[in-house]
Amino acid sequence: MNVMNVDYTTKIPNNVNLAEDRQVLKALEGWHPGYLDWWNDMGPEGFQESLVYLRTAISVDPKGWAKFDYVRMPEYRWGVLLAPQDEARLVNFGQHKGEKAWQEVPGEYRAMLRRLVVIQGDTEPASVEQQRHLGKTAPSLYDMRNLFQVNVEEGRHLWAMVYLLQKYFGRDGREEADDLLRRRSGDEDSPRMLGAFNEATPDWLSFFMFTFFTDRDGKMQLESLAQSGFDPLSRTTRFMLTEEAHHMFVGETGVGRVLQRTCEAMKAAGIEDPNDIEKVRALGVIDLPTMQKKMNLHYSLSLDLFGSEVSTNAANFYNAGLKGRFQETKIEDDHRLTDDIYQVLKMVDGEIKLVDEPALTALNMRLRDDYTADCAKGVERWNKIIEKAGVNFRLELPHTAFHRQIGEFANVQATPKGIIVSDAEWARIRNDYLPSTADGDFISSLMTPVSEPGKFANWISPPKVGIDNKPGDFEYVKIAA
Ligand code: BYC
């Protein structure tokens, strides 16, 4: 079959010739009903019958992979799509550098590889669970459609990982696939694996921040896994990255539209001081200091997703050729890193200092630095919106020591400027830097649904262009279909 095109004749759309891979097809078909039960229980609440204008992948060719149409979400054709295989591909880093890329799991790395696939897989349904209540308060049909698009694609990313588990990891892979449907975001007994995926996503600003900051961790991790010497993982994650780009677009433009609206409302009302929170809130828009606090929260939660700054796991993943660096093949060095150093921020005698560490164990920090640089570009684009509107305010990423649960700074309290403070001082100033209950209540009070085509809630601007170039009043979701 032509791997560019997707086979829709089997129940599970795919470009991996499932029709002739009976055992895996059977395993996936066996898993499908449980997935649908999970989707119906934990997916978007209240909209399972609605017709949503969604894109579905019909080809993995970057130029023409999407087809848009109205679909009921439980009928979305979740499929298994891998980027085309490059026969000449090699392992590009670590101790196996230069060997032919593996088409089967190397026995000695089985456990490590399975762990990476399971962790990646676990985040996908987690985010759908976190966002399941949001449809009810969507600020427009356009935004509602984007939420559901993100949700069905996270569902597809789960399928992508489950395919790898079922095809390459035999019985324990099948058990892991079942467990991915068993854990629940925020559940006390059976939580999702990584911290940020057990946090609540209570409102749409959280959703936009999440898709900007946490989906961007997804991008960085997928980019690193796309370098993998285990070729099926590389091909799978490469295609996932094309979908991920839309999720970050939703986040960046979502926050941008909130900023736009706030600044316009402030200007129209003649409010010059962005810190005059009460006056700004009285306009029914979200004040900029609260935007900063939300950003502080989501950025710091997402930094935790990179693991410890110094990590033997990361060194082992790299040495084994399983997980590379961001854009590994574009970096000019020996791609083995055995003699290199990398500077890592650490606590030394109560102070935050840059310390030389072996580059191999510092790989989490390096990826996190790349992530921070990527976030900073987006924040600058947000600042341009504020600047253009003529409001005197700048958003800033907080210091990496701020509000951390994992790694070097897990046991200290630091301000967004990176000043270490006592626990008592932190308790006193916490609400200056992170959303307080009152901030949350205010944001919640704005979350009233708007479902008339072309209309938007007061706290957010309309987008510049529609999805699939649709006009402003397009009915992206037929709610009562
Ligand atoms: N929470 O050496 P360490 C996405 C554990 S997001 C809880 O510090 P390591 C998406 C760690 O597992 C991308 N536990 O770190 C976005 C280890 O446990 P074990 C998801 C944590 O292993 C939005 C121990 O602490 N993909 O796609 O080098 C919507 C010591 O670990 C956390 C991946 O993450 C935490 N935050 O790195 C939808 C890629 N951090 O082994 C989707 C796969 C660490 O001692 N995962 N631990 O029991 C990995 O590459 C690595 O597992 C991590 C951690 C980067 C997560």
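The count of aromatic pairs comes to 32, where rings of Phe, Tyr and Trp (its six-membered ring) pair if their centres lie within 6.5 Å. One of these involves Y53 and F68, whose ring centres are 5.6 Å apart with planes at 20°, so the pair is stacked; planes under 30 degrees apart count as stacked, over 60 as edge-to-face and the rest as tilted. Y53 lies in strand β1 and F68 in strand β2, 15 residues apart, and the pair links distant parts of the chain.

This is a predicted model, in which local features need pLDDT of at least 70 and side-chain atom pairs count only at pLDDT 80 or more, while totals for chains, interfaces and linings use all residues. Residues are numbered from 1 along each chain as its sequence is written, and side-chain values use heavy atoms, with hydrogens and water left out.

**Strands**

Helices (H or I, at least four residues) and strands (E, at least two) are DSSP runs, numbered from the N terminus. Two strands pair if DSSP finds at least two bridges between them.

An open sheet is formed by 3 strands in the order β2-β1-β7, with antiparallel pairing. β2 (66-72) and β7 (477-478) stand at the edges, each with a single partner strand, so one side of each is left without a neighbour in the sheet. Helix α3 (residues 141-168) packs on this sheet and touches β1, β2 and β7, contact meaning heavy atoms within 4.5 Å. The direction of α3 makes about 45° with that of β1. Strand β1 (residues 51-57) pairs with β2 in the antiparallel sense over 7 bridges, and A57 has A66 of β2 as its bridge partner.

Strand β3 (residues 341-348) and strand β4 (residues 351-358) are also paired in the antiparallel sense, over 8 bridges. They form a hairpin with 2 residues between them, and D349 in the turn has a positive phi of about 50°. In β4, L354 is the bridge partner of L345, and P358 is that of I341.

**Helix packing**

Two packed helices are described by the angle between their axes and the distance between the axes. Axes are lines fitted to C-alpha atoms, for helices over the stretch in contact, and angles run from 0 to 180 degrees between N-to-C directions.

| Helix pair | Angle | Axis distance |
|---|---|---|
| α5 (residues 204-226) and α10 (residues 363-388) | about 140° | 10 Å |
| α5 and α6 (residues 231-269) | about 155° | 8 Å |
| α1 (residues 22-42) and α2 (residues 110-130) | roughly 30° | within 9 Å |

Angles under 35 degrees count as roughly parallel, over 145 as roughly antiparallel, 65 to 115 as roughly perpendicular and the rest as oblique. α1 is therefore roughly parallel to α2, α5 and α6 are roughly antiparallel to each other, and α5 and α10 are oblique.

A crossing is left-handed if the near helix is turned anticlockwise from the far one by less than a right angle, and right-handed if clockwise. α5 and α10 cross in the right-handed sense. On the α5 side the contact includes F212, F213 and R216, and on the α10 side Y371, D374 and W382. By class, the contact of α5 with α10 has 8 nonpolar, 4 polar and 5 charged residues. Here Ala, Val, Leu, Ile, Met, Phe, Trp, Tyr, Cys and Pro count as nonpolar, Asp, Glu, Lys and Arg as charged, and the others, Gly among them, as polar.

The crossing of α5 and α6 is left-handed, and their contact has 15 nonpolar, 6 polar and 7 charged residues. Between α1 and α2, W38, W39 and M42 of α1 meet P125, V128 and E129 of α2. That contact has 5 nonpolar, no polar and 1 charged residues.
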